[in-house]
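Biologist: I have a model open and want to learn how to read it. Can we take it feature by feature?

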Amino acid sequence: MKKLIQALLKGDKRAAARLISIAENDKAQRVAIIKALKPFTGKAHVIGITGAPGSGKSTLIHSLIGPLRKSGKRVGVLANDPTSPITGGALLGDRIRMQGHSGDDGVFIRSMATREGTGGLSQAASIAAAVLDAFGMDVIFVETTGVGQSETAVRDAVQTVVVVLTPQLGDDVQMMKAGVMEIGDIFVVNKGDTKDAARTARELEGVLHAAPGRGKKPPVLVTTASEGKGIEQLLETMAAIKKGT
């Protein structure tokens, strides 16, 4: 373990991958990994990307990586995928969608099987984020598998939660007053090129304004991730929220 930690701190990507694998497969080692990494963490901005299946979370992350890399940021992605019923591993859908960045040494993408984890996350997700933090990633995206409104585990694994919604929600947004709606720091209506996007954003703002127990209301942004629209504004909003925490 000590040698792996030393290799990680020297920038060895294989050591990062190995430590994440150990955290996934060996519960007894998780505490040891966290303890060993603690002095070397706390610099990265860890961002949760959550929302229903089909909302475009992977495409959104893919679109965010490009401008972050152009600004010199190193980016980690922990894509929590459904568990294969045959191998017990991740189905790798998210990593395939982001494969355009796979050859970039400044990007580390890892699919993680949720296995026994809840809330759309692997139980080792927080430890994996710590590994990438110590590895020198500036921004780490933790993508959930696609959650229901009551699945809020991502809140405890990240610093900032981005909830991704789609225009197809329609009037259903009026009912989303609990669970995942209460943990979002930023709300994104993706697929903004569809006709109902603006209406959904307005309805969402109304729901958030009426929600009890919240102080400052979270921003609601509209993006079309497949075309890169709204991405710069989202990056600026995420950076501003981090500075304000």
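Modeller: Start with one residue. At 0% relative accessibility, Gly 76 counts as buried, because buried means under 20%. Keep in mind that this is a predicted model.

Biologist: Where is Gly 76 found?

Modeller: Gly 76 is found in strand S2, residues 75-81. Leaving out residues up to four places away in sequence, Gly 76 touches Phe 108, Leu 132, Met 137, Val 139, Ile 140 and Phe 141. Sequence distance and spatial distance are separate things. Gly 76 and Ala 129 are 53 residues apart in sequence, and their C-alpha atoms are 8.3 Å apart in space.

Biologist: How do I read that for the whole chain?

Modeller: Take the contacts between residues at least 6 apart in sequence. In this protein chain, 76% of them join residues at least 24 apart. The chain has 245 residues, and 50% of them count as buried. Its accessible surface comes to about 11600 Å², with 52% belonging to carbon and sulfur atoms. In secondary structure, the chain has 9 helices and 7 strands.

Biologist: What should I look for in the interior?

Modeller: In soluble globular proteins, nonpolar side chains tend to be buried together. Here, the largest nonpolar core has 47 residues, and Leu 8 and Leu 78 have the most contacts inside it. Helix H6, residues 125-135, gives the most to this core, with 9 residues. Another core lies apart from it, with 25 residues, including Ile 47, Leu 68, Val 75 and Val 107.

Biologist: Which residues does Leu 78 touch, not counting residues up to four places away in sequence?

Modeller: Ala 125, Ala 128, Ala 129 and Leu 132 are among them. Others include Ile 20, Met 112, Ile 140, Phe 141 and Val 142. The list also holds Arg 110 and Glu 143.

Biologist: Is helix H6 mostly covered or mostly open?

Modeller: Mostly covered: 10 of the 11 residues of H6 are buried. Among them are Ile 127, Val 131, Leu 132 and Phe 135. Asp 133 is also one of the buried residues of H6.

Biologist: How do I read the packing of two helices?

Modeller: Look at the axis distance, the angle and the hand. Take H2 and H6. Their axes come within 9 Å and cross at roughly 165°. That is over 145 degrees, so H2 is roughly antiparallel to H6. The crossing of H2 and H6 is right-handed. H2 makes the contact with Lys 13, Ala 16, Leu 19, Ile 20 and Ala 23; H6 makes it with Ile 127, Ala 128, Val 131, Leu 132 and Phe 135.

Biologist: At what angle do the axes of H1 and H2 cross?

Modeller: The axes of helix H1 (residues 2-9) and helix H2 (residues 13-25) cross at roughly 135° and come within 8 Å. That makes H1 oblique to H2. H1 passes H2 in a left-handed crossing. Leu 4, Ile 5, Ala 7 and Leu 8 of H1 meet Ala 15, Ala 16, Arg 18, Leu 19 and Ile 22 of H2.

Biologist: And backbone angles?

Modeller: Most residues other than glycine have a negative phi. Lys 191 has a positive phi, near 60°, and is not a glycine. Lys 191 lies in the loop between strand S6 (186-189) and helix H8 (197-210). At 31% relative accessibility, Lys 191 counts as partly exposed.

Biologist: Which residue follows H6?

Modeller: Gly 136 does, and its phi is positive, near 105°.

Conventions: Residues numbered from 1 in each chain as written. Predicted model: local features only at pLDDT ≥ 70, side-chain atom pairs only at ≥ 80, totals over all residues. Heavy atoms only, no water. Core = buried A, V, L, I, M, F, W, Y, C linked by side-chain atoms within 4.5 Å. Buried < 20%, exposed > 50% of the residue type's maximum accessible area, 1.4 Å probe, protein only. Helix = DSSP H or I, 4+ residues; strand = E, 2+ residues; numbered from the N terminus. Contact = heavy atoms within 4.5 Å. Areas by Shrake-Rupley, 256 points an atom, 1.4 Å probe, with all protein chains shown as cover. Axes fitted to C-alpha atoms, helices over the stretch in contact; angles between N-to-C directions. Parallel < 35°, antiparallel > 145°, perpendicular 65-115°, else oblique. Left-handed = near helix turned anticlockwise from the far one by under 90°.
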